[in-house]
Number of protein chains: 2
Amino acid sequence: MEQALTDFFTTRRDPVAELGPVFAESVEALESFTLRGGKRTRPGFAWMGWLGAGGDPASTGAAAVLRACAALELVQACALIHDDIIDCSRTRRRFPTVHVDFEQRHHRAAWSGDSAHYGESVAILLGDLALAWADDMVHDAGLDPAALARFAPVWARMRTEVLGGQLLDVHGEASGDESVAAALRINRYKTAAYTVERPLHLGGALADADPGLIAAYRTYGTDIGIAFQLRDDLLGVFGDPAVTGKPSGDDLREGKRTVLVAEALQRATETDPAAARKLRGEIGTDLSEEQVGELRALLTELGAVDAVEARIAALTDQGLTAIDASSATPEARARLREMALAATRRAA
Amino acid sequence: MEQALTDFFTTRRDPVAELGPVFAESVEALESFTLRGGKRTRPGFAWMGWLGAGGDPASTGAAAVLRACAALELVQACALIHDDIIDCSRTRRRFPTVHVDFEQRHHRAAWSGDSAHYGESVAILLGDLALAWADDMVHDAGLDPAALARFAPVWARMRTEVLGGQLLDVHGEASGDESVAAALRINRYKTAAYTVERPLHLGGALADADPGLIAAYRTYGTDIGIAFQLRDDLLGVFGDPAVTGKPSGDDLREGKRTVLVAEALQRATETDPAAARKLRGEIGTDLSEEQVGELRALLTELGAVDAVEARIAALTDQGLTAIDASSATPEARARLREMALAATRRAA
């Protein structure tokens, strides 16, 4: 995957160099950001979807499939760069976020105008470039026209869904939508469809998988993707900082609108108005360790933790049942089972 | 073109509706913005490039070509929406810009958080959506695979060039690059390549034009595109507000970094240090009508206006010579001549 991405960036060198060194330097920042990152979760699921539908890694077409799967990392680069502007995040993976990086370059050079606005402007454009290049990478991957024709509509749906999911998230936070349904819908589109369901679907489409297998991939992807996010929500409040690497309770301080909090608010509103007031008044504020502890206890007492754990268990069962009954290869079924359990039972 | 865009938005209704009414409403704002707009300059040049290379509007493939050309308006929607954030523009075509529209919705609803940041966040995501959909529209246009394969690399270059050009613009403004070369480079990539050269090239590629015609299109597009921008720069300072619809001298108040100003600064630096100080000290400030008048006189006295007029004349000649000597159809040659003169001799 790294090699496919590195090779792609190499193909952009000449057109970028034509615009001069300033553009080339900015593109270098995009390249470092993309290559430095992450667990390659999305390309990994796409590749697994292809293998599971009978794709042969020793076949002549395998390199093109790998390149098309790796293009997901460029969509992800755009999503992260723009999300970091939207969330006002200053660091990612221990480096300054892209907009902060360019804000700092502006500041160090003592240029004119507002450093923060300059950083955001450059980051908007570099995110756009990553999104445009994601498409270029797909179309330069060397897929045969029939495979590309199967890939394209799923790719289109995925991009619309993740942008829609981010938009719902931004809207939900501003409008104060507290419902469990709204939180689940954001998980569905912003996380599950984009991270698991559509990547598997893309891989299946490349291998020309039968409709039954595609349906199984999509059920598994939606269910495990949402369960993954629910586990993340629990860890954001109850996780051990020594294991997660994040200060415990940070999600409560940031006021992240999760299914966990929505469940708690719904229960409190029905049964315990004082608890509801406490939750609404404290979440999203600069909480002390003691307050975090109290809120944790409250989430547990209200039954929200059990409810989320029950959802995770049901979704995981449902997703695994779908994949077990599918025509995926035995190796893929075993691997997807492992991946599901790793994603939903992890401690970090 | 309008019909092709309207039809495309109709195809997105179902996938958008699946995410619920909040997303659907935001997409409606994107649709209105895209359909309301502009002169359809880019699709117009692309269509002309196809006709000029022998494309037959009565042929069965013409509708697909029209749809592929219309997709340029979705790239343009992204460019405008994101540019308006970068330039802090509050209105466009007499309507609030997209980020201001959503800022106002947030404010009217008295939601939590910062209205301006909310507006920018939504506008970043809607611009991304337009960029992703531009690609979807190309790939759903119904082009035959050979035509799509000729189209795709030019489309890729164009998107990289316009984003690179915008980035150079943002960088040049912050770093205070005053050189004529830098201003011309921004014109080349942000305006000429994106508005004339690559659209004509795309149309030619769709018609499988011979390399000589493609080269003529590109020369014409680069030269006329830059000349168009230079005319725009002159009108931004010397245009009649009754004709341009913009307060006269606004480009000087905004401190827009144009070839005109770069020429003046270069000349003043060499021959008249007091004039150079005046230009550097006043441009980009809240100028009175009197000051605008003085700066106009200075730009003229320094010879910058004549120099820009000479450049426009030379570029127009060069572009027209290339197209006249080309194998473009006589109708296209005549029409491109008219378009060139309209773009470079206009008063508004």
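A:Arg94 sits in the loop between strand S1 (91-92) and strand S2 (95-96) of chain A, where helices (H or I, at least four residues) and strands (E, at least two) are DSSP runs numbered from the N terminus. The model is predicted, so local features need pLDDT of at least 70 and side-chain atom pairs count only at pLDDT 80 or more, while totals for chains, interfaces and linings use all residues. Residues are numbered from 1 along each chain as its sequence is written, chains are lettered from A and ligands numbered from 1 in the order in which they are written, and side-chain values use heavy atoms, with hydrogens and water left out.

Two arginines of chain A deserve a look at their backbone. Most residues other than glycine have a negative phi. Phi of A:Arg94, however, is near 65 degrees, and A:Arg40 has a positive phi of about 55 degrees. A:Arg40 lies in the loop between H2 and helix H3 (41-52) of chain A. A:Arg94 is exposed, with a relative accessible area of 84%, whereas A:Arg40 is buried at 9%; buried means under 20% relative accessible area, exposed over 50%, and partly exposed in between (1.4 Å probe, protein chains only).

Turning to the helices, H7 (residues 115-139) of chain A has 25 residues and reaches 36 Å from its first C-alpha to its last, close to the 36 Å expected, the expected span being 1.5 Å times one less than the number of residues. H7(A) is mostly covered, with 21 of its 25 residues buried. A:Ser26, in helix H2 (residues 21-36) of chain A, is also buried, with a relative accessible area of 5%. Leaving aside residues up to four places away in sequence, A:Ser26 touches A:Phe102, A:Leu126 and B:Leu167, contact meaning heavy atoms within 4.5 Å.

The interface itself brings 51 residues of chain B into contact with 51 residues of chain A. Together the chains bury about 4800 Å², 69% of it on carbon and sulfur atoms; buried area is the accessible area (1.4 Å probe) that two parts lose on being put together, summed over both. In chain B, B:Leu19, B:Leu125 and B:Leu167 lose the most area to chain A, together 14% of what that side buries.

Charged pairs also cross the interface: the rule finds four salt bridges, each a side-chain nitrogen of Lys or Arg within 4 Å of a carboxyl oxygen of Asp or Glu. The side chains of A:Arg157 and B:Glu18 meet in a salt bridge (3.0 Å, N to O).
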